[in-house]
Amino acid sequence: GKQGKYEMALELYAKSLAMRIKLYGEDHPDVASAYNNMAAAYGEQGKNEEALEMVSKSLDIRIRLYGPDHASVTESYNNMAVVYEMR
């Protein structure tokens, strides 16, 4: 069912994240995107604490890379708000 699809998605996102960190290091836009993808998958499962942890990591990376006023940072704040709404 749907739960199995989300579990598979999380497994694949985790592999992608690990590969991106190995290739680029922690502070890279692709790593931030991978955390964001994992946050979405956790959110779809109702795992809001895990989703919040992932979106927070994405936000932290984007702030370090771009500063607080960049469009990517606003996307992360928006995603964080979505997680809080689901709690």
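How close do the axes of α2 and α3 come, and at what angle do they cross? They come within 8 Å and cross at roughly 160°.

**Before selecting.** This is a predicted model, in which local features need pLDDT of at least 70, side-chain atom pairs count only at pLDDT 80 or more, and totals for chains, interfaces and linings use all residues. Residues are numbered from 1 along each chain as its sequence is written, and side-chain values use heavy atoms, with hydrogens and water left out.

**Select 2-24.** This is helix α1. Helices are DSSP runs of H or I, at least four residues, numbered from the N terminus. Now pick Tyr6, Leu10 and Leu17, the buried residues of α1. Buried means under 20% relative accessible area, exposed over 50%, partly exposed in between, with a 1.4 Å probe and protein chains only.

Just after α1, glycine 25 takes a positive phi of about 85°.

The axes of α1 and α2 come within 9 Å and cross at roughly 165°. Axes are lines fitted to C-alpha atoms, over the stretch in contact for helices, with angles from 0 to 180 degrees between N-to-C directions. The two helices are therefore roughly antiparallel (angles over 145 degrees). The contact (heavy atoms within 4.5 Å) includes Tyr13, Ile21 and Tyr24 of α1. On the α2 side, Val31, Met38 and Tyr42 are among the residues involved. The residues of this contact divide into 13 nonpolar, 2 polar and 3 charged. Here Ala, Val, Leu, Ile, Met, Phe, Trp, Tyr, Cys and Pro count as nonpolar, Asp, Glu, Lys and Arg as charged, and the others, Gly among them, as polar.

Among the contact residues are Tyr35, Met38 and Ala39 of α2, with Met54, Ile61 and Leu65 of α3. This contact divides into 13 nonpolar, 5 polar and 3 charged residues.

At 32% relative accessibility, glutamate 50 counts as partly exposed. Select tyrosine 35 too: the pair is 15 residues apart in sequence and 11 Å apart in space, C-alpha to C-alpha.

Key: Expected span 1.5 Å × (residues − 1). Parallel < 35°, antiparallel > 145°, perpendicular 65-115°, else oblique.
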